[in-house]
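Thanks for coming. I will take one chain today and go through how its parts pack together. Please have a look at the sequence and the model first.

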Amino acid sequence: MPKPHIPLEEIRAQVEGCRRCPLADGRTQTVFGVGNPAARVLIVGEAPGKNEDLQGEPFVGAAGKYLNELLSIAGLRREDVFIANVLKCRPPGNRDPRPEEIELCTPYLREQTRTIDPEFIVTLGNFSTKFILKTEVGITRLHGTLQRAGRFKVFPIFHPAAALYDSSKREALENDFTTLGQLLRESDAAAGMHEVDAGNAQGSPAALSTPAVPTDSNAGEGQAETQPDPASHVEQPHLL
Ligand code: SF4
């Protein structure tokens with residue numbers, strides 16, 4: 001029998017009191033995550049930076065502003081999605097997360113994911129991509145390809161902060177968010193097609209009047225999954 005989902009506020013309270021790893025000593029506050037608790041898209045970054053630690057919210061400051069612009073390319077507003085990080089406390093000097101910190105902190109991300117139950121998980125950068133897909137394949141190879149972790153669609157993208165220091169990443173980021181928007185629309189169209197099928201089976205007049213959806217409406221998803229095969233390097237996902 002599946003484990004019941006823990007309410008987000010309960011997980012938040014656990015995070016706020018957490019002292020499992022030494023990052024608790026250097027934090028101003030924990031950064032649980034923010035957004036729509038029933039989001040279709042869960043965005044997973046790396047760890048809080050200085051501004052996030054001060055404000056208690058992920059992706060604020062320049063990287064956050066840029067993320068908002070990128071979301072709009074995909075037809076999303078910040079309030080539509082839920083934004084979280086792999087680590088809930090800031091590593092000193094913005095150094096990379098350490099494996100033991102990831103191991104200790106990610107049970108919270110797992111529970112957040114189970115409770116929010118998104119259709120898509122967008123992993124931003126290497127750390128969240130490697131954790132969620134349980135892979136050693138880097139973001140440079142995986143970005144812009146549709147992957148799976150259990151029942152979730154996973155779409156890895158470069159971390160927006162990367163584009164602030166390396167403008168060559170901007171084009172890739174913007175292309176990938178365009179593709180994300182396409183995947184969302186294709187999934188909507190496919191869901192509409194399933195509704196029509198179900199309605200037809202029941203002889204529903206309302207469903208019969210629904211416009212037909214092209215039969216290749218989910219072709220983009222299939223194409224993304226068959227792109228230059230980084231997926232062959234992805235092991236069994238371990239998110240849930
Ligand atoms: S980083 Fe995670 S595991 Fe470490 S103290 Fe913060 S909430 Fe706890």
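**Around helix α6**

Helices (H or I, at least four residues) and strands (E, at least two) are DSSP runs, numbered from the N terminus. Contact means heavy atoms within 4.5 Å.

Before going on, the ground rules. This is a predicted model, in which local features need pLDDT of at least 70 and side-chain atom pairs count only at pLDDT 80 or more, while totals for chains, interfaces and linings use all residues. Residues are numbered from 1 along each chain as its sequence is written, and side-chain values use heavy atoms, with hydrogens and water left out.

Back to α6. Which residues of helix α6 (residues 126–133) are buried? They are S128, T129, F131, I132 and L133. Buried means under 20% relative accessible area, exposed means over 50%, and partly exposed is in between, using a 1.4 Å probe and protein chains only. Just after α6, K134 takes a positive phi of about 50°.

Two other residues have a positive phi without being glycine. F59, at about 50°, is found in the loop between α3 (50–55) and α4 (61–73). F59 is buried, with a relative accessible area of 5%. D117, at about 55°, is found in the loop between α5 and β4. D117 is partly exposed, at 39% relative accessible area.

Next, strand β4, where V122 has its place. V122 is buried, with a relative accessible area of 0%. What does V122 touch, leaving aside its neighbours within four places in sequence? The contacts are V41, L42, I43, V44, F155, I157 and L180. As for F155, it is 33 residues from V122 in sequence and 4.8 Å from it in space, C-alpha to C-alpha.

Now a helix pair. The axes of helix α1 (residues 8–16) and helix α5 (residues 99–116) come within 10 Å and cross at roughly 170°. That makes α1 roughly antiparallel to α5. Axes here are lines fitted to C-alpha atoms, for helices over the stretch in contact, and angles run from 0 to 180 degrees between N-to-C directions. Angles under 35 degrees count as roughly parallel, over 145 as roughly antiparallel, 65 to 115 as roughly perpendicular and the rest as oblique.

On the α1 side the residues are L8, I11, Q14 and V15, and they meet Y108, E111, Q112, T115 and I116 in α5. By class, this contact has 5 nonpolar, 3 polar and 1 charged residues. Ala, Val, Leu, Ile, Met, Phe, Trp, Tyr, Cys and Pro count as nonpolar, Asp, Glu, Lys and Arg as charged, and the others, Gly among them, as polar.

Cysteines, briefly. C18 is buried at 15% relative accessible area, and C89 is buried at 10%. How many disulfides are there? The count comes to 0, taking a disulfide as a pair of cysteine sulfur atoms within 2.5 Å.

Last, the whole chain. It has 11 helices and 6 strands, and of its 240 residues 45% count as buried. Residues 24 or more positions apart account for 72% of the contacts with a separation of 6 or more.

On confidence, the chain averages a pLDDT of 85, and 80% of the residues score at least 70. pLDDT is the predictor's confidence in each residue, from 0 to 100. Over residues 202–238 pLDDT stays under 50, and for these the model has 54 contacts beyond four places in sequence.
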